[in-house]
Amino acid sequence: ENITALSYFYKSDCYYKIGNYKQANTEFFKFIDAAKLADNLPAQASPMMANYTIGYCFLKQVGKDSSYFLKAQTYFDNAKILLEQTKFSNEEKNIHDELLCDISLRNADCNFILKKYQKALVDYSVVIDNNFPVADYALFQKAIIQGLQKNNDAKIFSLQKIIKNFP
């Protein structure tokens, strides 16, 4: 069962790398089904990574249809849940943090575009609170949302925090 699951995963990864995102998703969906019967799959070929990459596949197709933001957001949400269930060794903490940062940021951006501002704020806050390398971007996006919500005091505070923390 592992070989079948892994073959779907790596096949979908190849489609992703050549830009055939629709076919990549088809193969990732097959992988997710096959992975239910497999055990001890490597972290780099896991359902979490499949959901993460499916989210990116949908983002890469956004120009065709704006509903792809909603599809991407759904899979980034799934990836975030699965990431928290994945065990990482102390040596792999940086991998966890990189994934958490990127998944949170992409999920927040999708929610921002979809005007789900409260959900976007939650994910931007993950990036800010963990002081990930792109925290300045997340803080700026947070300020924009606060402005859209007519929360001008909070917006000004966030913008001042950018100036103070990211000179």
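**Note on the predicted helical model**

1. Asp109 counts as buried, because its relative accessible area of 16% lies under the 20% limit. The model discussed here is a predicted one. Asp109 belongs to helix H5, which covers residues 93-113.

2. The surroundings of Asp109 deserve a separate remark. Its side chain makes a polar contact with the side chain of Tyr137, at 3.0 Å. When residues up to four places away in sequence are set aside, Asp109 touches Tyr124, Tyr137 and Gln141.

3. Helix H7 comprises residues 135-148, and its axis comes within 12 Å of the axis of H5. The two axes cross at roughly 20°. Angles under 35 degrees count as roughly parallel, and H5 and H7 are therefore described in that way. The crossing of H5 and H7 is left-handed.

4. Is Ser104 buried or exposed? Its relative accessibility is 0%, so Ser104 counts as buried. Apart from residues up to four places away in sequence, Ser104 touches Lys80, Asp123, Val126 and Val127.

5. Asp136 lies in helix H7. With a relative accessibility of 33%, Asp136 counts as partly exposed, because that class falls between the 20% and 50% limits. Beyond its neighbours within four places in sequence, Asp136 is in contact with Ile162 and Phe166. Asp136 and Ile163 are 27 residues apart in sequence, and their C-alpha atoms are 9.3 Å apart in space.

6. The crossing of H2 and H3 is left-handed.

7. The contact of H2 with H3 can be listed by helix. H2 contributes Tyr21, Ala24, Asn25, Phe28, Phe29, Phe31, Ile32 and Ala35. H3 contributes Pro47, Ala50, Asn51, Thr53, Ile54, Cys57, Phe58 and Lys60. These residues divide into 12 nonpolar, 3 polar and 1 charged.

8. The overall architecture may be stated briefly. How many helices and strands does the protein have? There are 8 helices and 0 strands, and the order along the sequence is α-α-α-α-α-α-α-α. The C-alpha trace spans about 55 × 40 × 25 Å along its principal axes.

9. Two values describe the protein as a whole. Of its 167 residues, 45% count as buried. Among contacts between residues at least 6 apart in sequence, 53% join residues at least 24 apart.

Note on methods
Residues are numbered from 1 along each chain as its sequence is written. This is a predicted model: local features need pLDDT of at least 70, side-chain atom pairs count only at pLDDT 80 or more; totals for chains, interfaces and linings use all residues. Side-chain values use heavy atoms; hydrogens and water are left out. Helices (H or I, at least four residues) and strands (E, at least two) are DSSP runs, numbered from the N terminus. Buried means under 20% relative accessible area, exposed over 50%, partly exposed in between (1.4 Å probe, protein chains only). A polar contact is a pair of N or O atoms within 3.5 Å; within protein, one must be able to donate a hydrogen and the other to accept it, and residues adjacent in sequence count only if both atoms are side-chain atoms. Contact means heavy atoms within 4.5 Å. A crossing is left-handed if the near helix is turned anticlockwise from the far one by less than a right angle, and right-handed if clockwise. Ala, Val, Leu, Ile, Met, Phe, Trp, Tyr, Cys and Pro count as nonpolar, Asp, Glu, Lys and Arg as charged, and the others, Gly among them, as polar. Axes are lines fitted to C-alpha atoms, for helices over the stretch in contact, and angles run from 0 to 180 degrees between N-to-C directions. Angles under 35 degrees count as roughly parallel, over 145 as roughly antiparallel, 65 to 115 as roughly perpendicular and the rest as oblique.
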